[in-house]
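Biologist: I am new to this structure and would like to learn how to read it. Could we take one feature at a time?

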Amino acid sequence: MSDLAGKRILVVEDEAIIAEMVADMLLELGACVVGPASSMRKALEMAEASDIDGAVLDVNIRSERVDPVAAILRMRAVPVVFATGNGDMVADLARGAPVLEKPYTQEKLGVALSNAVIMSSN
Amino acid sequence: MVGNTLPIDGGESRASLAPNESLTQLQTPLDNSDSDRTELAAIVEGARDAIWSWRLDGTIIRWNSEAQRVFGYTASEMAGRSLLDLVPDDQRADAERIIASLRDGASYRHYETVRLRKDGVRVPVELTISPLRDGSGNMIGASTVCRDITERKQFEAALSKRVGELTTLFDFTARLQTSTSLNDIYEASLHAITRALDADRASILLFDASGRMRFKAWHGLSDGYREAVDGHSPWNSDAINPAPIFVEDILNTEEPEELKQTIAGEGIRGLAFIPLIDSGRLIGKFMTYYRMPHKFTEEEIGVANTIARQLALAIARQLADQDLRESEARFRLMSEHAPVMIWMSDAQGECLHLNQMLRSFWKVDEDNLASFRWSDTMHPEDAPSIVRQMGEALAKRTPVRIKGRYRDSRGGYRILETDARPRFSQLGEFLGMIGVNVDTTEREEAEKARELLVAELNHRVKNTLAVVQGIAHKTFKGSGIPPGPVRAFEDRLVTLSRAHNLLTQANWESASLEQLATLTLDVNGANSERVAIAGPSILLPPKEAVSIAMALHELSTNAIKYGSLSNEAGRVTLEWSKSDGPNPRIELNWTESGGPRVATPTRRGFGSFLLERTLAQDLDGEVTVSFEPEGLTCVIRAPLLELTERQR
């Protein structure tokens, strides 16, 4: 877990209670939480402007796909982990990035984020 | 040629021969000599032809013995009589004209006419008439050489009849070839029968469906007669190759008197029954009728049989054609208004027939079918696959099922599922394909919508599980509850979520036990060395799938904590089997080995509760957990709800 220590991780999640849980998980993993962003507008702002080392993106934000946010982060070469209730439908968006099936455990989140960070640094 | 002319007996000093070049050489030997005359008279007397000579007034002056034989008059009877006595009244004018023209120097060779015998019978004859002249060249009379040509005339008549019969048969065959209806066939046949068989009247009868002989066509029979003899037949419909029957005179038969009187009353004496046989099966008969008693000749019988063969064949062919046309018409009618699209193609795959529904799909007229190319309406993306599959079916002449999009008359694409089969003629020749298209656009859209709905539902379920997880997280946080139970709770949620994933993939109809076990026990991941699973392919209904997934999760969690997966060496095997029969059951065996020694726990946790109570209840089965010292075992037995065909 040490590889996530001090990393600034953006959380995009429209369900407040889930967002809070993810934030807690990240804190327990030693990371710093940016956000959480619960709307597309806010997510886009933060994706563009925030100083971040990684992101956990819920695929559907209030019935909209999170693609534009992912595109910005991809341009900025920020490692991303996607979270979804619908694993089959996001292969086109993820493009090899880790996908977490909701609900997921803190352990799974840690592994996925670490992998994403390693992948992007290679 | 001897006897062509002869001198006139009775005092003329000289007789001279007619100026006939073929006789000039005879002039010298006959010249004015008594002995010559005697010789000539002997020749005339012994000639094969009847010969007589006559004066210009027509008085017979010489009559040879052949003339006596042919006409019945002796020479003395004829002496002094006019030759016109031999001429029938209807030939008299002609005879007088001949006599007059002879005076003008004419002569006749082989002139065919008719003369009367003494008994009044007409004799066909051939006459050669030459003038007789005196020494100064004046015509004094004529000689007639007459040959009886009765036999030749009879022969000629027979020959002409035969030619007539053959011509009639030939015409008959030609007419049958071109006839397009039963009535054409009947008319041609009646015509041929009456002409070739010289019959006054004729009729054609066929057996009806009940095996009764019915008049189909006739010439010259009264309604009353047909009614009276309706159904009368010398043969039943099951007679095999019956022979024709020729009745010379109905009055000389053993038939019932009433029938005889009916027939005779119609003015019929001679008649014939000619069977019509097709492939050995009697289908009917034709009849000929004669006013007078009629003796049938060999030739007539032959002709009758020939006509019967031709007629039976033509009727059978026509009926078969009619059947075919009717069945084709029935097919067209059915196909035309069927609520599916039906088509027929030729061997190259071009449209021969589209039913009404398919024509309106493509908005193509029946008249424009020849120029219509269905391949132009295929969706460009589907065209290669459709063309390839249809081409293969045409080449191999095999049935084919093709799905593809086609542009309809409104310009939109519709999904058509085509089921096509090869068509063959009776001779086995490949004619093309016949197929049915079903528009599955709505069905597929509905299926897609249902898939989307299920996916959306799954998304929501899992989001809700995540929310539940969040609530638990929030609730337990700072409550003093150690992280262990919280972790266990989360793991259970994840297991539940995974089972739902599998069910979603199969539209919430079923989940494969093998996949369920693999995912839940992480057999392909962390546990690949430690957990082995084996069993036949079984599809579990949704409720059972979730229950079993939860059970397997509890068993593996327990094994990791306390059982065979808690050390480095232990193993787990999961085996399952299915019993056959009308009420199949499944049995799962969970067996741990190589773990720490097992003691029966003093306290039962949620895991045990879930297994022994919830699972047993959910599955309507029994679950037995045994804490054997060498490892825990669990046996799950439950009825397996068979999935219906649709759900497979």
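Modeller: We can begin with contact, which means heavy atoms within 4.5 Å. By that rule the interface takes 23 residues from chain B and 21 residues from chain A. This is a predicted model, in which local features need pLDDT of at least 70, side-chain atom pairs count only at pLDDT 80 or more, and totals for chains, interfaces and linings use all residues. Residues are numbered from 1 along each chain as its sequence is written, chains are lettered from A and ligands numbered from 1 in the order in which they are written, and side-chain values use heavy atoms, with hydrogens and water left out.

Biologist: What is the area buried between chain B and chain A?

Modeller: Buried area is the accessible area (1.4 Å probe) that two parts lose on being put together, summed over both. Between chain B and chain A that comes to about 1,800 Å², and carbon and sulfur atoms give 54% of it.

Biologist: How many salt bridges does the rule find across the interface of chain B and chain A?

Modeller: A salt bridge is a side-chain nitrogen of Lys or Arg within 4 Å of a carboxyl oxygen of Asp or Glu. The rule finds two across this interface. In one of them, A:Glu20 pairs with B:Lys474, and their closest N and O atoms are 2.3 Å apart. The pair joins two chains, because A:Glu20 lies in helix H1 (residues 16-28) of chain A and B:Lys474 in helix H13 of chain B. Helices here are DSSP runs (H or I, at least four residues), as are strands (E, at least two), both numbered from the N terminus.

Biologist: Do these two residues count as buried or exposed?

Modeller: Buried means under 20% relative accessible area, exposed over 50%, and partly exposed in between (1.4 Å probe, protein chains only). A:Glu20, at 34%, is partly exposed, and B:Lys474, at 46%, is partly exposed too.

Biologist: Which salt bridge lies within chain B and ties together parts 32 residues apart in sequence?

Modeller: B:Asp90 forms a salt bridge with B:Arg122, the closest N and O atoms being 3.1 Å apart. B:Asp90 sits in the loop between helix H4 (75-78) and helix H5 (92-103), and B:Arg122 in strand S4 (residues 122-133), so the pair ties together parts that are 32 residues apart in sequence. B:Asp90 is exposed at 52%, while B:Arg122 is partly exposed at 43%.

Biologist: What about a pair inside a helix?

Modeller: An α-helix has 3.6 residues a turn, so residues three or four places apart point the same way. Here B:Glu257 and B:Lys260 both lie in helix H9 (residues 257-265) of chain B, three residues apart. They form a salt bridge with the closest N and O atoms 3.8 Å apart. B:Glu257 is partly exposed at 48%, whereas B:Lys260 is buried at 8%.

Biologist: How many residues does helix H6 of chain B have, and how far does it reach?

Modeller: The expected span of a helix is 1.5 Å times one less than its number of residues. Helix H6 (residues 150-178) has 29 residues and reaches 42 Å from its first C-alpha to its last, close to the 42 Å expected. Its buried residues are B:Glu165, B:Thr168, B:Leu169, B:Phe172 and B:Leu176. Helix H7 (182-196) and helix H10 (298-336) of chain B are among what covers them.

Biologist: How many helices and strands does chain A have?

Modeller: Chain A has five helices and seven strands. Of its 122 residues, 52% count as buried.
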